[in-house]
Amino acid sequence: MAKEKIILGIDPGTTIMGFGLIKVEGKKMTFLQLNELDLKKYSDHYLKLKLIFERTIELIDTHHPDEIAIEAPFFGKNVQSMLKLGRAQGVAMAAGLSREVPITEYAPKKIKMAITGNGNASKEQVAKMLQSMLGLKTLPKNLDSMDGLAAAVCHFYNEGRIEVGKSYSGWASFVKQNEDRVKK
């Protein structure tokens with residue numbers, strides 16, 4: 001009998017954090033849940049980071065994912081937005097690492113490529129393809145949760161491949177793979 005595992009996919013953001021969960025049995029994936037954490041009503045950036053951390057911990061403690069797939073921030077023109085996204089991603093990663101759940105990052109283009117075959121696909125194209133793949137009856141109003149689900153599905157498709165992105169199994173693994181970022 002094939003081992004069952006759960007993958008939590010996260011699309012970090014300081015306005016909306018999208019997430020999705022899939023169950024994997026052998027080569028078959030099944031949709032479990034998707035949702036979002038709406039942070040628009042909060043103006044304090046640090047409170048948003050705290051809420052992202054707490055929600056991620058809650059998801060881990062509730063669903064016990066075996067792995068986390070997280071969308072890496074994309075390089076845009078606005079440096080402040082990039083910093084905020086990086087912080088949101090870091091807080092979600094810290095939550096996973098604190099529970100010792102292995103994490104893999106995926107570039108947005110890699111996720112789109114895994115789902116649609118086109119690294120430049122629109123959010124809508126990715127959502128429609130996921131809807132078809134997983135038999136979802138309807139799509140959510142905001143597609144951020146679908147982006148989180150897409151990260152989980154991308155991870156499923158990339159499993160077993162050697163170069164899938166950066167993976168961390170804990171703090172020691174993170175530090176070892178990022179020695180250039182550690183102050184000596």
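D11 lies in strand β1, residues 4-11; strands are DSSP runs of E with at least two residues, helices are runs of H or I with at least four, and both are numbered from the N terminus. This is a predicted model, in which local features need pLDDT of at least 70 and side-chain atom pairs count only at pLDDT 80 or more, while totals for chains, interfaces and linings use all residues. Residues are numbered from 1 along each chain as its sequence is written, and side-chain values use heavy atoms, with hydrogens and water left out.

**The annotated site**

- An unreviewed UniProt entry lists D11 and D144 under "binding site"; such annotations may be inferred rather than shown by experiment, and the positions follow the numbering used here, with feature names shortened.
- D11 and D144 both belong to the lining of the largest pocket. A pocket is an open set of points on a 1 Å grid over the protein atoms alone, where a 1.4 Å probe fits, with protein on both sides within 12 Å along at least five of seven lines; lining residues have an atom within 4 Å of a point.
- D11 counts as buried because its relative accessibility is 8%; buried means under 20% relative accessible area, with a 1.4 Å probe and protein chains only.
- Leaving aside neighbours within four places in sequence, D11 is in contact (heavy atoms within 4.5 Å) with residues including E71, D144 and D147.
- D144 sits in helix α5 and is also buried, at 18% relative accessibility.
- Beyond four places in sequence, D144 touches D11, I16, G18, F19, E36 and K123.

**The nonpolar cores**

- The largest nonpolar core has 23 residues, and I22 and L130 have the most contacts inside it. Such a core is a set of buried Ala, Val, Leu, Ile, Met, Phe, Trp, Tyr and Cys residues joined through side-chain atoms within 4.5 Å.
- Two or more residues each come from β2 (16-25), α3 (108-116), α4 (123-134) and α5 (144-158).
- Helix α5 gives the most to this core, with eight residues.
- Another core, of 22 residues, lies apart from it and includes L37, L39, I70 and I103.
- In soluble globular proteins, nonpolar side chains tend to be buried together.

**The whole protein**

- The protein has six helices and six strands, in the order β-β-β-α-β-α-β-α-α-α-β-α from the N terminus on.
- Of its 184 residues, 46% count as buried.

Terms used. Buried < 20%, exposed > 50% of the residue type's maximum accessible area, 1.4 Å probe, protein only.
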